[in-house]
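Please have the sequence and the structure open while I talk.

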Amino acid sequence: MASFNLTPYDPSAFILTGIPGLQDAHLWISIPFSMFYIIIILGNFTVLFVVGKEQTLHKPMYLLLCMLALTDIGTSTSVIPKALCIFWFNLKSITVGGCLTQMFFLHAASVMHSAVLVTMAFDRYVAICDPLRYATILTNARIAKLGILGLIRAVLFILPMPLLLSRQPFCANRIIPHTFCDHMAVVKMSCGDITVSRLYGLVVAFVVNGFDLMLIALSYGLIIRAVLRISSKKAHQKALNTCTAHICVILTSYTPSLFSSLTHRFGQGITPHVHIILANLYFLLPPMLNPIIYGVKTKELRDKVGKYICRK
């Protein structure tokens with residue numbers, strides 16, 4: 001399938017090639033990309049709309065769902081529209097400033113997404129291990145403060161990435177074999193000393209993901225210990241069912257993220273298009289699946305969504 005070539009020549013800009021080795025299939029690849037993105041927008045905005053309209057859903061758990069929906073919209077929107085422009089119109093050029101801006105927003109949204117998952121794990125821990133104090137420990141105001149802290153953390157961790165790269169000289173060959181301005185892909189475009197940028201990116205990946213996964217594992221360790229102390233099998237099942245949706249979201253979020261990060265840095269034997277497809281799956285699958293998972297597993301939310309659908 002042929003595509004338009006509307007890329008203007010600008011020697012100071014970067015060129016995003018899309019998926020290397022699969023350029024001839026870009027229009028075909030754009031079909032699932034665009035379908036997934038439409039589902040992401042519809043699903044997450046549905047969650048935001050329903051929770052916003054229904055006073056009965058103005059609770060900590062649903063406020064966290066709204067934060068998750070916002071980060072899902074942010075991560076996918078920072079990547080997918082540009083990828084579709086490459087696939088449909090061959091608009092591969094992106095300014096250095098635009099590239100660094102995209103890098104900041106996509107990585108900051110990812111770090112914020114991780115912070116929301118940690119807060120949700122704490123929410124489940126309090127709900128199961130200390131249910132009588134749940135309403136006093138996790139108020140809407142406290143959840144909002146935790147959300148702001150997560151946002152501040154994301155900005156503080158990610159802002160040095162584009163700032164460090166903005167001071168670097170870039171080589172004449174500015175072709176990035178990617179669909180978006182990933183940090184490591186842009187680092188490789190520099191002709192200067194990239195040691196600090198490379199190490200900082202690696203530290204952020206391991207510190208943020210490692211620390212957050214450790215907190216999530218700690219929460220679930222305490223949850224499992226509390227559940228095992230309950231003698232009733234029915235209570236066991238009820239307690240674990242409250243965590244099923246969150247566990248599914250953790251698996252869909254962290255698995256492609258960690259695998260993509262590790263293969264990009266250490267998987268020299270893996271073909272480039274596999275790297276790019278894995279990286280894009282992180283921005284497609286979790287944002288698409290998260291509202292579906294919570295919509296299916298959370299009865300109260302499912303009923304409210306069903307009410308609006310039936311009304312229409």
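Let me begin with cysteine 85, which is partly exposed, with a relative accessible area of 27%. Bear in mind that this is a predicted model. The closest cysteine sulfur to that of cysteine 85 belongs to cysteine 181 and lies 13 Å away, which is too far for a bond. Cysteine 66, by contrast, counts as buried at 12% relative accessibility, and its sulfur is 20 Å from the closest cysteine sulfur, that of cysteine 248, so here too the distance is too far for a bond.

Cysteine 99 sits in helix α4, whereas cysteine 181 sits in the loop between β3 and α8, so the pair ties together parts that are 82 residues apart in sequence. Cysteine 99 is buried, at 0% relative accessible area, and cysteine 181 is likewise buried at 0%.

The other disulfide joins cysteine 171 to cysteine 191, with 1.8 Å from S to S. Cysteine 171 is partly exposed at 23%, and cysteine 191 is partly exposed at 48%.

Finally, please turn to the surface, where Ile148, Leu149, Ile152 and Leu156 form a nonpolar patch with about 420 Å² of accessible area together. Leucine 149 belongs to helix α6 and is exposed, with a relative accessible area of 55%.

How values were computed: Residues are numbered from 1 along each chain as its sequence is written. This is a predicted model: local features need pLDDT of at least 70, side-chain atom pairs count only at pLDDT 80 or more; totals for chains, interfaces and linings use all residues. Side-chain values use heavy atoms; hydrogens and water are left out. Patches are made of residues with over 30% relative accessible area and no salt bridge: like charges are joined within 9 Å, nonpolar side chains (Val, Leu, Ile, Met, Phe, Trp, Tyr) within 5 Å. Accessible areas come from the Shrake-Rupley method with a 1.4 Å probe; for residues, only the protein chains shown count as cover. A salt bridge is a side-chain nitrogen of Lys or Arg within 4 Å of a carboxyl oxygen of Asp or Glu. Helices (H or I, at least four residues) and strands (E, at least two) are DSSP runs, numbered from the N terminus. Buried means under 20% relative accessible area, exposed over 50%, partly exposed in between (1.4 Å probe, protein chains only). A disulfide is a pair of cysteine sulfur atoms within 2.5 Å.
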